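Thanks for coming. Please look at the screen.

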Amino acid sequence: QVQLVESGGGLVQAGGSLRLSCTASGRTFSNYYMAWFRQGSGKEREFVAAISWSGGRTYYADSVKGRFTISRDNAKNTVYLQMNSLQPEETAVYYCAGGSTMTTIAKGYWGQGTQVTVSS
């Protein structure tokens, strides 16, 4: 079992930045691909970014490429999402998730989410 706890959400103005953190406990963190998803009010959950076990490979949704950066520190059991140039439409609950492979992340472990609100 893996427990994931997100933090770092909050209120930011359009064009601003936030850094989200997701800390894992339980099984060996470095064995898992990690990802961030988000779900806005009335919207479907969508993929944001993912990172491989070692951090050597990263994946991004087209909508966030060049603005968001996913990273991980396996020594701290933590994955990060640096978000720059945030826009109001990116207001959502952001969730981190972990899975043994890139294709099984969504079926793996999930955190409780952290709210990000971008004001115009």
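Leu81 touches Leu18, Arg19, Leu20, Trp36, Val48, Ala49, Phe68, Thr69, Ile70 and Tyr94, leaving aside residues up to four places away in sequence. Touching, or contact, means heavy atoms within 4.5 Å.

A word on the source. This is a predicted model, in which local features need pLDDT of at least 70 and side-chain atom pairs count only at pLDDT 80 or more, while totals for chains, interfaces and linings use all residues. Residues are numbered from 1 along each chain as its sequence is written, and side-chain values use heavy atoms, with hydrogens and water left out.

Strands here are DSSP runs (E, at least two residues), numbered from the N terminus. β3 and β8 (residues 78-83) run antiparallel and are joined by six bridges. Two strands pair if DSSP finds at least two bridges between them.

Which strands make up the open sheet of four? In order, they are β1-β3-β8-β7, with antiparallel pairing. β1 (2-7) and β7 (68-73) are the edge strands, each pairing on one side only. On average, neighbouring strands of this sheet are turned by 15° against each other, direction ignored; the axes are lines fitted to C-alpha atoms, and angles run from 0 to 180 degrees between N-to-C directions.

Next, the cores. A nonpolar core is a set of buried Ala, Val, Leu, Ile, Met, Phe, Trp, Tyr and Cys residues joined through side-chain atoms within 4.5 Å. Buried means under 20% relative accessible area, exposed over 50%, and partly exposed in between, with a 1.4 Å probe and protein chains only. In soluble globular proteins, nonpolar side chains tend to be buried together. The largest core here has 28 residues, of which Trp36, Leu81, Met83 and Tyr94 touch the most other members. Elements giving two or more residues to this core include β1, β5 and β11 (114-119). The most come from β3, which gives four. Apart from this core lies another, of six residues, among them Tyr33, Phe37, Ala97 and Ile105.

Rings of Phe, Tyr and Trp (its six-membered ring) pair if their centres lie within 6.5 Å; planes under 30 degrees apart count as stacked, over 60 as edge-to-face, and the rest as tilted. Tyr32 and Tyr109 are an edge-to-face pair, 5.9 Å centre to centre, with 80° between the planes. Tyr32 is in the loop between β3 (18-26) and β4 (33-39) and Tyr109 is in strand β10 (residues 109-110), 77 residues apart, and the pair links distant parts of the chain. Both tyrosines, Tyr32 and Tyr109, are buried.

Why is the pair of Phe37 and Phe47 edge-to-face? Their ring centres are 5.8 Å apart and their planes are at 75°, so the pair is edge-to-face. Phe37 counts as buried because its relative accessibility is 10%. Phe47, at 28%, therefore counts as partly exposed. Phe37, Phe47, Tyr95 and Trp110 form one aromatic cluster.

Finally, two charges. Arg45 lies over the face of Phe37, 5.6 Å from the ring centre. Arg72 lies over the face of Phe29, at 4.5 Å from the ring centre. The rule is that NZ of Lys or CZ of Arg is within 6 Å of the ring centre and within 35 degrees of the ring normal.
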